[in-house]
Amino acid sequence: MGVAVLCGCTSFVSASGGDADTEAGSSSTGAAESTQGPTTDPTQGTTTDGGTTTNPSTTDTPTTAGTTTADTDPTTGPDPTTGDPGSSGGADESSGGRAESSSSGTVVPGVCGDGNVDAGESCDDDNGVEIDGCTSNCEFGPTGIDYGAVSPTGLGGGGGTVIDDNTDDCPPDNVLVGLQGSIASMAEPWIGVIGGVCRPADLSNADPPAFVTGAPAFDLTPHGGFNSGGDWATECDDDEVIVAVRGNAGSVVDGLEIRCASIQTIGMAEAYDLEPIPLMGWEPLQGSMGGAPFGPLVCPPGEIATGLRVQTSSYLNQIQLRCQALDLIY
C-alpha cells in the first residue's frame, strides 16, 4: 500500500508542474500546449517551463517584458509588413515654410515673388521693382545705363576764322536732346550764339525697361558773339536724343537742323539692350538758308549725342557732336 501511494504522488507532481491549483487532467492536451503558470505569457515575459515547454503561437514574434508586440501601431513607427516609416514625426513630414510636395508626392511649383529662388527662377527678391537687378518675372534685369567712350563726329560748317574752340559735355547720366542760341542780327540771320540742352536719362520701372528722359533740363554754356537777332531753340520730343546735325554755311554757319532718335529696348529677357532708332525726318531749320549744305554729322551706329564741340568767332563757324554708346548695367 505504501508503494502505491508514492507512485500516485509522483504522477501528480509531474503533470501539474508544481502548481497546486492545476488539475491533473489538464496534461491531456499534450506537451505542445503550455499550461498556465511558468509558461510563456505573450504580455508578461519570456519565461518557459524550464525551456522544455513552448507555446508555438508565441515563438514567431518573441517579446521582452514591458515591450509592445510586433504588431506595430503605424502612427508611431515603421510597419514591418510594408516598410512604411510612418507619419508621426517622420523625416518626410514638412513643418513650416512653403509646401514643396503634396500628400501624393507631386512637387508643388514655386511662386515667383515669394522671396525664394525656385526651379526655373533666376532670382526672387519679393518686390515689384523692375530695375533693381531682379524683375517681377524672377529674371535677372538691368539696374541702369552705362555709357561708352566718347566718339566725336567730324567738324562741319563754315570756313571763317576761328577764335574760340569749346567742348561741353552733358552731366553724368544726361544726354543731348536739343540746341539753342541766338541769331546774329536781322541783317545777318546767321547763328550768332549756340549752346546745347541736356536732360537726365533713366530706365522706366517696367519689364522690359524703357529708355526715358526727364527734368530738369541742363543748359550747356553758350558760345558766340552776336545775339541781337532773337533767340532760337530746337529740341527732340520726350524720350528722344540727338543723333545727327546738318546745316548750311558760307564763311559761318547760317542754319542748323537736328535729327532725333528713339531708344528701343531689344533682345530677350536677362539680355536686353538699348538701340537708337533714328527718326525719318529732321527738326525745323534754325537760322537761314544761306550758304551751301554741310553734313549730316552722324553719331556712329548704336550711339547717341551726349556733348557738343563748337568753334566760334562772333558767329558759329564749326560744329561737332560728341557721341557715346548705350549699354545696360546688369
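## A walk through loops, strands and salt bridges

Pro-208 sits in the loop that runs between strand 6 and strand 7, the latter covering 211-213. Keep in mind as you look around that this is a predicted model. Move on to the loop between strand 7 and strand 8 (218-219), and you'll find Pro-216. Here, too, the bond is cis: Ala-215 and Pro-216 are joined with omega at about 5 degrees.

Why stop at spots like these? Because most peptide bonds are trans, and most residues other than glycine have a negative phi. Cys-138 has a positive phi, near 60 degrees, and isn't a glycine. Look for Cys-138 in the loop between helix 1 (2-16) and strand 1 (144-147). Asp-173 is the other one, with phi near 65 degrees, and this residue belongs to the loop between strand 4 and strand 5 (174-183).

Is Cys-138 buried or exposed? Cys-138 has a relative accessible area of 3%, so it counts as buried. Asp-173, on the other hand, comes out at 45% and is therefore partly exposed.

Now for the salt bridges. How many does the structure hold? There are four, and we'll visit some of them here. Begin with Asp-165 and Arg-309, whose side chains meet with an N to O distance of 2.7 Å. This pair connects distant parts of the chain: Asp-165 is in strand 4 (residues 164-169) and Arg-309 is in strand 16 (residues 303-312), 144 residues apart.

Another bridge runs between Glu-235 and Arg-199, with the closest N and O atoms 2.8 Å apart. Again distant parts of the chain are linked, since Glu-235 belongs to strand 10 (residues 231-235) and Arg-199 to strand 6 (residues 191-203), a separation of 36 residues. With a relative accessible area of 32%, Glu-235 is partly exposed; Arg-199, at 22%, is partly exposed as well.

Then there's Glu-257 with Arg-246, where the closest N and O atoms are 2.8 Å apart. Glu-257 is in strand 12 (residues 253-266) and Arg-246 is in strand 11 (residues 240-249), so this bridge ties together parts that are 11 residues apart in sequence. The two partners fall on either side of the 20% cut-off for being buried: Glu-257 is buried at 18% relative accessibility, while Arg-246 is partly exposed at 30%.

Stay in strand 12 for the last stop, because Ser-262 lies there too. Which side chain does the side chain of Ser-262 meet in a polar contact? That would be the side chain of Gln-264, at 3.1 Å. Leaving aside residues up to four places away in sequence, Ser-262 touches Asp-239, Glu-240, Glu-275, Pro-276, Ile-277 and Leu-279. As for accessibility, Ser-262 has a relative accessible area of 18%, so it counts as buried.

Methods: Residues are numbered from 1 along each chain as its sequence is written. This is a predicted model: local features need pLDDT of at least 70, side-chain atom pairs count only at pLDDT 80 or more; totals for chains, interfaces and linings use all residues. Side-chain values use heavy atoms; hydrogens and water are left out. Helices (H or I, at least four residues) and strands (E, at least two) are DSSP runs, numbered from the N terminus. Buried means under 20% relative accessible area, exposed over 50%, partly exposed in between (1.4 Å probe, protein chains only). A polar contact is a pair of N or O atoms within 3.5 Å; within protein, one must be able to donate a hydrogen and the other to accept it, and residues adjacent in sequence count only if both atoms are side-chain atoms. Contact means heavy atoms within 4.5 Å.
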